[in-house]
Amino acid sequence: MPDPDWASLGDEDLLKVRMCDLGVAIAGTEIEQRIARLNADLDARGLTFRPRFWLSDEWFTPDGVPGVAIPFYLAHPRLAKLELAQMLEVEGADPDECLRILRHEAGHAIDNAYRLRIRPTRRRLFGLPTTPYPEYYTPKPYSKSFVQHLDHWYAQSHPDEDFAETFAVWLDPQSMWATRYAGWPAQRKLEYMDRLMRELRKRRPRVKSLREVDPLPRLRKTLGEHYKKKREHYGLDHPDFYERDLRNLFSDAAEYAKHQPAARFVSKIRREVRSTVASFTDSYQYTIDQLLQSIILRCREQNLRLTDSEESTKIDFMVFLTVQTMNYLHSGRHRVAL
């Protein structure tokens, strides 16, 4: 298929295109192949249920619908490039990460398809599905009451996410959940999931709705409007940094007046440290990038300069940023955007 006209546009012009005018589809893309892998996992477990899929603005599974929305940017390389430019990462672009998300969303879909949330044991183990979804949640990174599948300790965000994450770990043929979670409170959830899914083998779903929520052809907002809202959402509540700690790395003393400006140095290593610290701390790259921007501005305002070699300072700065973020994560003030 020839590329659509918008594929050759620069970012500024592409952001003016409405989402409904993109004209992309799942068929013929790598996403189609990854869905096939998910279906193979379901088949290997003896489950006949297959979620439906459509393109939308984000990953989600609507309440009561046995289907999954997939973000539009995975349907074309140019859109994935725009997502990277706007959000600094492309959720689901990596094949393994994409499969993890698909397994998670399949957990929501099967929950809806068989109306599992009304079962008393499901409600007792995972919590009430009627619990309101928070805009943010505060994870406890060392809790053993939840499985660890997606980043940001996602199982802790809501009872339904706990169920979907537990299903994803159960479904993953490489998870070795019986060994990894032995002795954890989360083991009881996995054992229940195993019994529940064995019960559903060869059973037809109770819900067969074909409804699609917010399909791409109905989204009339522009890509620019979409990303403006998304950046505002994930940019909130990012960690503050301590000026005292920053001044342990850099100085405005006259003796260092001829040394490299700290703002220039941080700008130079910004991309590398952002990616590394995000990986270490399970934080969003976009959030850490905002922190780095604040640091650069403060360094410029205070006329701070390096006091040691670039190599040594880079190591110290990486430690500073990691510790700063981890302290925030474990302080009880950290909140992850849903």
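## Rings, charges and a bent helix

Arg122 lies over the face of Phe163, 4.5 Å from the ring centre. Here a charge sits over a ring if NZ of Lys or CZ of Arg is within 6 Å of the ring centre and within 35 degrees of the ring normal. Arg45 is placed over the face of Trp170, at 4.3 Å from the ring centre.

This is a predicted model: local features need pLDDT of at least 70, side-chain atom pairs count only at pLDDT 80 or more, and totals for chains, interfaces and linings use all residues. Residues are numbered from 1 along each chain as its sequence is written, and side-chain values use heavy atoms, with hydrogens and water left out.

Now the aromatic pairs. Rings of Phe, Tyr and Trp (its six-membered ring) pair if their centres lie within 6.5 Å; planes under 30 degrees apart count as stacked, over 60 as edge-to-face and the rest as tilted. A search of the whole structure finds 10 such pairs. Two of them are tabulated here.

| Pair | Centre to centre | Angle between planes | Class |
|---|---|---|---|
| Phe250 and Phe265 | 6.5 Å | 65 degrees | edge-to-face |
| Phe317 and Phe320 | 5.7 Å | 50 degrees | tilted |

Phe250 lies in strand 4 (residues 250–251) and Phe265 in helix 11, so their pair ties together parts that are 15 residues apart in sequence. Helices (H or I, at least four residues) and strands (E, at least two) are DSSP runs, numbered from the N terminus. Phe317 and Phe320 are three residues apart in helix 13 (residues 310–330), about one helical turn. An α-helix has 3.6 residues a turn, so residues three or four places apart point the same way.

Phe250, Phe265, Phe317 and Phe320 form one aromatic cluster. Buried means under 20% relative accessible area, exposed over 50%, partly exposed in between (1.4 Å probe, protein chains only). Phe250 is buried at 1%. Phe265 is buried, also at 1%. Phe317 and Phe320 are both buried.

Helix 11 (residues 262–281) has 20 residues, yet its end C-alpha atoms are only 24 Å apart. A straight helix would reach 28 Å at 1.5 Å a residue; the expected span is 1.5 Å times one less than the number of residues. Helix 11 bends by about 60 degrees at Arg270. The bend is the angle between axes fitted to the seven residues ending there and the seven starting there. Buried residues of helix 11 include Ile269, Val273 and Val277.

Last, the cysteines. Cys20 is buried at 17% relative accessible area, and Cys98 is buried at 0%. The count of disulfides (pairs of cysteine sulfur atoms within 2.5 Å) comes to zero.
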